[in-house]
Amino acid sequence: MKYVRPVDFDSAEITGDKDYKGKILYSGETCVLVATQVPPGARGPENHVHPSDQLYFVTDGEVTIKLGKDVRKAAANSAIFIPAGVPHHNWNEGSETEVHLEVIAPGTAGIRPMLTFADSDDAHDLPHAVVTPADATTLSLEGGMTVTPLVGPDQHSANALIYIGGLPAGAAGPSLHTHKFDQFYLVLEGQLEVQVGLREFTVGPRHLVVLPAGVPHRQWNAGAQDERHLTIIAPPPPELTETDADGEPWDFAVELRAVEHTTRVAP
């Protein structure tokens, strides 16, 4: 298992109009992760639907996306939730290259087509969403770690959860532990130290960390600069989706502690 993977568009498996490129970073049962580069004037696949939910996180530039009949723009640090069956199409109207991470959950590789072109703009009243930095609230946890929820139960996302995690210089996340779900970090700024099993890695921006269910891990910031990373969890623990389904308020700080309160591994 390759636990740390660079976002390398020179080896992209997906190519398209005007140097549009997609790099498959991970493909599994819980999700597929694709880093996508959309230069100015380039367009993604024409109007289409997926059999799974799709989430975008924009790292650079600004994407224009049509969701059903709704056309929206999303700049860096914004997220988009596209439920399975919602016709959509994205393109770049700006002057700078747009880059985003796509999360397709659950994974579909080798089981059924990941994409089907759509003749209709009917979104079937499904709850798609665009979450901008102005919509997000940053929360502080014990030990100095911060979390900024982006897409989860509040957006009706039942198959994947994403948030921005932050570690100030010298701060650390939970001690060595495991999860029952797959977890991924995409480093956005700074430097992240990660222990996976018995190995330690220093991870910089534009690198993905893969943490399969059951693998012991921990993370900390040994650098002098604050660190930020996108966290992807697939699938979310049942307590998250069930809390939302019952109509109760979703307290991210409380639920994240429940997520992190998983099996601790003795050092």
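Trainee: Leaving aside its neighbours within four places in sequence, which residues is Leu208 in contact with?

Mentor: Leu208 is in contact with Tyr3, Val4, Arg5, Leu25, Leu33, Phe184, Tyr185 and Leu186, its neighbours within four places in sequence being left aside. Contact here means heavy atoms within 4.5 Å. Please note that this is a predicted model, in which local features need pLDDT of at least 70 and side-chain atom pairs count only at pLDDT 80 or more, while totals for chains, interfaces and linings use all residues. Residues are numbered from 1 along each chain as its sequence is written, and side-chain values use heavy atoms, with hydrogens and water left out.

Trainee: Is Leu208 buried or exposed?

Mentor: Leu208 counts as buried because its relative accessibility is 0%. Buried means under 20% relative accessible area, exposed over 50%, and partly exposed in between, with a 1.4 Å probe and protein chains only.

Trainee: Which strand does Leu208 lie in?

Mentor: Leu208 lies in strand β20. Strands are DSSP runs of E with at least two residues, and helices are runs of H or I with at least four, numbered from the N terminus.

Trainee: How many bridges pair β17 with β20?

Mentor: Strand β17 (residues 182-189) and strand β20 (residues 207-211) pair over 4 bridges in the antiparallel sense. Two strands pair if DSSP finds at least two bridges between them. Within this pairing, Gln183 stands opposite Leu211 in β20. The C-alpha atoms of Leu208 and Leu188 are separated by 9.7 Å, and these residues are 20 apart along the chain.

Trainee: And what is the order of the sheet that includes β20?

Mentor: The order is β1-β20-β17-β22-β16-β15-β14, an open sheet of 7 strands with antiparallel pairing. Its edge strands, β1 (4-6) and β14 (139-140), each pair on one side only.

Trainee: Which order does the open sheet with β3 and β4 have?

Mentor: That open sheet of 7 strands runs β2-β3-β4-β11-β6-β9-β13, and its pairing is antiparallel. Its edge strands are β2 (14-15) and β13 (129-131), each pairing on one side only. Between β3 and β4 there are 6 bridges in the antiparallel sense, and Ile24 stands opposite Val34 in β4.

Trainee: What about the loop between β3 and β4: why does Thr30 count as buried?

Mentor: Thr30 is found in the loop between β3 (21-27) and β4 (32-38). Thr30 counts as buried because its relative accessibility is 19%. Apart from neighbours within four places in sequence, Thr30 is in contact with Ile104, Ala105, Pro106, Gly107, Asp182, Ala234 and Pro235.

Trainee: Which rings do Arg43 and Arg218 sit over?

Mentor: The charged end of Arg43 sits over the ring of Trp91, 4.7 Å from its centre. Arg218 lies over the face of Trp220, at 4.2 Å from the ring centre. The rule requires NZ of Lys or CZ of Arg within 6 Å of the ring centre and within 35 degrees of the ring normal.

Trainee: Finally, how many helices and strands does the protein have?

Mentor: The protein has 2 helices and 22 strands. Of its 267 residues, 53% count as buried.
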